[in-house]
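Hi everyone, and thanks for coming. Have a look at the sequence and the structure on the screen, and I'll walk you through a few places in it.

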Amino acid sequence: MEYGPAPESPVLAQRWIEDHGGRFGFFIDGAWLPAEPEATFETIDPSDGSVLARVGQGGEAQVDAAVRAATQAFPSWSGLTGHDRARHLYAIARGIQKQARLLAVVESLDNGKPIRESRDIDIPLVARHFYHHAGWAQLCEREFPGHRPLGVVAQIVPWNFPLLMLAWKIAPALAAGNTVILKPAEYTPLTALLFAEIVERAGLPPGVVNIVTGDGDTGRLLVAHPAVQKIAFTGSTEVGRFIRRTTAGSGKRLTLELGGKSPFLVFDDADLDSVVEGVVDAIWFNQGQVCCAGSRLLIQESVADTLLTKLRARMEALRMGSPLDKAVDMGAIVAPVQLDRIRDLVTRGRAEGASVWQPSWACPNEGLFYPPTLCTDVSPSSTIAQVEIFGPVLVAMTFRTPDEAVALANNTTYGLAASVWSENISLALDIAPRIKAGVVWVNASNLFDAASGFGGYRESGFGREGGREGMWEYLHPNWDLEEAPAVAADDREDAAVPVQGGRIDRTYKQYIGGRQVRPDSGYAHAVTGVNEEVIAHVADGNRKDIRNAVEAAHAAAGWGRRSGHERAQILYYLAENLDQRREEYARHVSLATGWSTTRAAREIEAIVARFFTYAAWADKHDGAVHDVPLRGITIAMHEPIGVVGVLAPEASPLLGLVSAIAPLVASGNTVVAVPSARYPTPACELATLLHASDVPGGVVNLVTGDRTVLGEVLAGHLDVDGLWYFGDSDGARAVEFASAGNLKRTWTVTRRRDWLDSVQGEGPEYLRQASQVKNVWIPYGA
């Protein structure tokens, strides 16, 4: 069957641009501010190179004005009832639906994606996000009790889904009560400006949403602005690292949704005709300019030739042309620099030995087009198998066994998404949890919904957008508004603990892999207690000790595969054994800190209760089944982060340490902890409790020494998946900056907590920080 052209008219979009004189300024504080003529740039239609409009280049003055407007609007916006905010979000959703056709055409003109995708996928999902989050606004006080909005949020979105990414970010931020400054991508700013008009007509209060256009310099100004409480960024991993380093120590919350090199696994029992259509959706959707594109096709060897033959035939039938033609499958690449990158990487792949196949038909002569491309004979270590191309290029490799498939799938620094194809649901659901990715689609690809969280593992970033988990990213506990707890008046009352007879020298070792081992340096330092009396010597850990501890933690990865019930049994056993030795441990705490015996006893009692708390949570921190518009189910699974470093609180040497370790262990993580440097001896004694309570070797590792030195080693270690830091802002800055190497998840707590308090010292906040959510989409039926 021959397809003729079916063009969508650009007239309404062109008229909208002409009504603004072909120039756009900034939407700040509910009003339009013009851009100076010399501070503008062109936005181009990538399908023919024509200029669509000139747009303002936001500078320091515009960023300051937007942040000031958002700051002034925050008290009244956050003070509205959830119902009032819900009404505003509902009005925005209705406005989007009313302008759906205009939005779709402007998006395709500005971005180059086919109008079918803009009209049938992007814009309906945009409206869906605002409807969904109108619901969260209505329920916010009930579903997130004891929490408040963060404040002013800066959001930076990419050019591949300009309006959809805007909705992913703005909708939850507003629902939670925050105010927003959004910077659209410099290549695709027009739909964000059209959205600002919809917001204006919907009657949103001035300053609640502000749109500042510009390039990377504008983004840098937003990221560095001291009055911004949170940065939400979607884009490249390199820029994500820059943002992590720039915000280190600032206290700003981060959500980073970064690059990907997603695997598309095909087993020999899969429906290969369905697989072919799945591949089309996975890699040639939006010309492959999708962070979660299924760019690595991993095929079971026995069906590889058959599938590749079918795939080449399907590629021959793909249609490429004007993005406004409703009969095309592929549109234009967004910008010349992106097209050059795609060409360069394919050339490099060919030079490294790959066989490159493209359809026989030619791309349009005018505009920025690149054909669908299939690369075979590719090594897993080759450039095109490892680097995100962000174009319509598919790299195919083969595997023989399910274990080999998982190894190939995880052979990347990224961890955003994956797709598993098999008619054997047991096999598919065995593979899905083993893939290190935030989203896994079973017999499907590129499914999204506002009810289901989206985000990555590893160098694909951290944080989630969408669903309940996305709402948590924009909230903060109320207790943090309260005055920091003071030191109890009786902490040093009756401080001196008498020593009977002569003291026997005690030198503590490191606790690594379930054994007490000597430090690599061979050195130890004296620890003094009350009246500067030496109470023990403690090992001086170094980089090699951290390395050994991280290796031991990785060797104990099976802990995360144990059932919650099994982990609970160990935690209960720890509580039981500590309870039997409560006086002994209270004495150690008292000797180290100078606290009264009464105060130390309270600390031990709280630790016993804390072990009980996380034993209780170990088999109850359940996932969820999301209600998405799909004939099937979407399962949100809580998974451990992996190996997590802990820099324990200084002031509460044993309770603070256990309060950090216990939720991590309960969630299936393994831990490398650096105890309090000021009071290390109670933590050293914890090693004997761990050993006596059947905690598997490597699940908890304790390395004593200089916190600054050891903390930076942990933060920079590429095999550490997460880091919890409790201390001052200087230390937080150092570890956050160092963590950018592999973009590990960090939780830095610089405000003193009352560790005896059941809200500040334990609970769901810790469990959320100790786990990451994987969403598995499982369609079923016809």
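Let's begin with a pair of helices: α3 passes α6 in a right-handed crossing. Before I go on, please keep in mind that this is a predicted model. On α3, the residues that make the contact are R85, L89 and I92, and on α6 they are A171, L174, A175 and A176. Sorted by class, six residues of this contact are nonpolar, none is polar and one is charged.

How are these two helices placed? Two packed helices are described by the angle between their axes and the distance between the axes. Helix α3 covers residues 82-98 and helix α6 covers residues 162-176; the angle is about 160°, and the axes are 9 Å apart. Angles over 145 degrees count as roughly antiparallel, and α3 and α6 are therefore roughly antiparallel to each other.

Helix α19, residues 582-593, packs on helix α20, residues 597-618, at an angle of about 120°, with 8 Å between the axes. That makes α19 oblique to α20. Here, too, the crossing is right-handed as α19 passes α20. If you want to find the contact on your own screen, look on α19 for R582, Y585, A586, V589 and S590, and on α20 for T597, A600, A601, I604 and E605. Those residues divide into six nonpolar, two polar and two charged.

Let's turn to strands. Which strands make up the open sheet, and in what order? There are ten of them, and reading across we get β14-β15-β16-β13-β12-β17-β18-β33-β27-β26, with mixed pairing. At the edges stand β14 (355-357) and β26 (624-626); each has a single partner strand, so one side of each is left without a neighbour in the sheet. On average, neighbouring strands of this sheet are turned by 20° against each other, direction ignored.

β26 pairs with β27, residues 632-640, in the antiparallel sense, over three bridges. To find your way in, go to A624, which stands opposite A636 in β27.

Helix α10, residues 272-284, lies across β12 (263-266), β13 (296-300), β15 (373-376), β16 (393-399) and β17 (417-421). Its direction is at about 175° to β12.

Next, a different pair of strands. Is β29 enclosed or open to the outside? Strand β29 spans residues 670-674, and five of its five residues are buried, so β29 is largely enclosed by the rest of the structure. Both of its faces are covered: T670, V672 and V674 are buried on one side, and V671 and A673 are buried on the other. Strand β28, residues 643-647, runs parallel to β29, and five bridges join the two. In that pairing, V643 stands opposite T670.

Now for some single residues, starting with N210. N210 sits in strand β9, residues 209-211. Is N210 buried or exposed? Its relative accessibility is 0%, so N210 counts as buried. And what surrounds N210, leaving aside neighbours within four places in sequence? The contacts are F27, I28, D29, A66, A69, A70, V180, I181 and L182. For a sense of scale, N210 and I431 are 221 residues apart in sequence, and from C-alpha to C-alpha they are 43 Å apart in space.

I'll finish with a loop, the one between β18 (439-442) and β19 (461-462), where we find N446. N446 is not a glycine, yet it has a positive phi of about 50°. With a relative accessible area of 11%, N446 is buried; the cut-off for that is under 20%.

R458 is also in the loop between β18 and β19. At 24% relative accessibility, R458 counts as partly exposed.

That's my tour, and I'm happy to go back to any of these places on the screen.

Key. Residues numbered from 1 in each chain as written. Predicted model: local features only at pLDDT ≥ 70, side-chain atom pairs only at ≥ 80, totals over all residues. Heavy atoms only, no water. Axes fitted to C-alpha atoms, helices over the stretch in contact; angles between N-to-C directions. Helix = DSSP H or I, 4+ residues; strand = E, 2+ residues; numbered from the N terminus. Parallel < 35°, antiparallel > 145°, perpendicular 65-115°, else oblique. Left-handed = near helix turned anticlockwise from the far one by under 90°. Contact = heavy atoms within 4.5 Å. Nonpolar A, V, L, I, M, F, W, Y, C, P; charged D, E, K, R; others polar. Pairing = 2+ DSSP bridges. Buried < 20%, exposed > 50% of the residue type's maximum accessible area, 1.4 Å probe, protein only.
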